[in-house]
Amino acid sequence: MTFQSQIQRSSSYQSVAKESRVLAADPYELVAVLFEELRETLNMMIECARRQDDARLFQYRAKSLAILNGLDESLNFEVAGDLAQTLHIIYNEAAKRIQIDNKESCVERVESAREMIHEIEKAWSAIAPFH
């Protein structure tokens with residue numbers, strides 16, 4: 001078995017594990033999965049930017065923006081009120097930082113977006129077990 005096929009097999013196993021986790025998850029766990037996936041995707045964006053791998057950078061950017069959009073669309077403004085509005089603003093700001101096409105500051109902007117989201121992820125992890 002070649003190294004490349006081992007990587008592909010490992011990736012397949014990880015994909016099945018994530019899919020199984022999502023299928024068994026309740027809404028709180030689904031949001032936790034989205035935060036985790038977003039963090040991993042932002043990390044990959046940073047690595048691609050450092051390696052100047054523009055093709056993959058754009059791929060991970062699209063995935064990050066899709067996840068942010070999913071998180072934003074899941075907000076319940078009627079129930080959460082000001083909190084939902086604040087999260088909406090943060091998600092939009094993170095998306096703006098990810099979208100700017102300035103290669104010199106790409107890593108710094110994505111790192112700042114990742115930090116913003118990480119703070120929300122930590123708070124979510126702290127409250128999610130109590131749902």
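Predicted model: local features only at pLDDT ≥ 70, side-chain atom pairs only at ≥ 80, totals over all residues.
Residues are numbered from 1 along each chain as its sequence is written. Local features need pLDDT of at least 70 and side-chain atom pairs count only at pLDDT 80 or more, while totals for chains, interfaces and linings use all residues, and side-chain values use heavy atoms, with hydrogens and water left out.

**Whole chain**

Start with everything selected and coloured by secondary structure. The protein has six helices and zero strands, in the order α-α-α-α-α-α from the N terminus. Helices (H or I, at least four residues) and strands (E, at least two) are DSSP runs, numbered from the N terminus. Of the 131 residues, 28% count as buried; buried means under 20% relative accessible area, exposed over 50%, and partly exposed in between, with a 1.4 Å probe and protein chains only. Contact means heavy atoms within 4.5 Å. Among contacts between residues at least 6 apart in sequence, 58% join residues at least 24 apart.

**Helix α2**

Select residues 27-51, which form helix α2. These 25 residues reach 36 Å from the first C-alpha to the last, close to the 36 Å expected at 1.5 Å a residue. The expected span is 1.5 Å times one less than the number of residues. Buried residues of α2 include F35, L38 and L42.

Next select D26 and Y28. D26 caps the N-terminal end of α2, with a side-chain oxygen 3.0 Å from the backbone nitrogen of Y28.

At the other end, select Q52. Most residues other than glycine have a negative phi. Q52 sits in the loop between α2 and α3, and it counts as exposed because its relative accessibility is 67%.

**Helices α3 and α5**

Select residues 54-73 (α3) and 82-99 (α5) together. The two helices pack at an angle of about 170 degrees, with their axes 10 Å apart, which makes α3 roughly antiparallel to α5. Axes are lines fitted to C-alpha atoms, for helices over the stretch in contact, and angles run from 0 to 180 degrees between N-to-C directions. Angles under 35 degrees count as roughly parallel, over 145 as roughly antiparallel, 65 to 115 as roughly perpendicular and the rest as oblique. To see where the helices meet, show R61, S64, L65, L68, L71 and D72 in α3 with H88, Y91, A94, A95, I98 and Q99 in α5.

Then pick A84, in helix α5. A84 counts as buried because its relative accessibility is 1%. Leaving out residues up to four places away in sequence, A84 touches L75, N76 and F77. From A84 to D72 the C-alpha distance is 8.7 Å, with the two twelve residues apart in sequence.

**Helix α6**

Select residues 106-127, helix α6. Among the buried residues of α6 are V110, A113, I117 and E121. The buried residues of α6 pack against α2, α3 and α5.

Finish on E121. Is E121 buried or exposed? E121 counts as buried because its relative accessibility is 9%. Apart from neighbours within four places in sequence, E121 is in contact with F35, E36 and R39. The side chains of E121 and R39 make a polar contact at 2.7 Å. A polar contact is a pair of N or O atoms within 3.5 Å; within protein, one must be able to donate a hydrogen and the other to accept it, and residues adjacent in sequence count only if both atoms are side-chain atoms.
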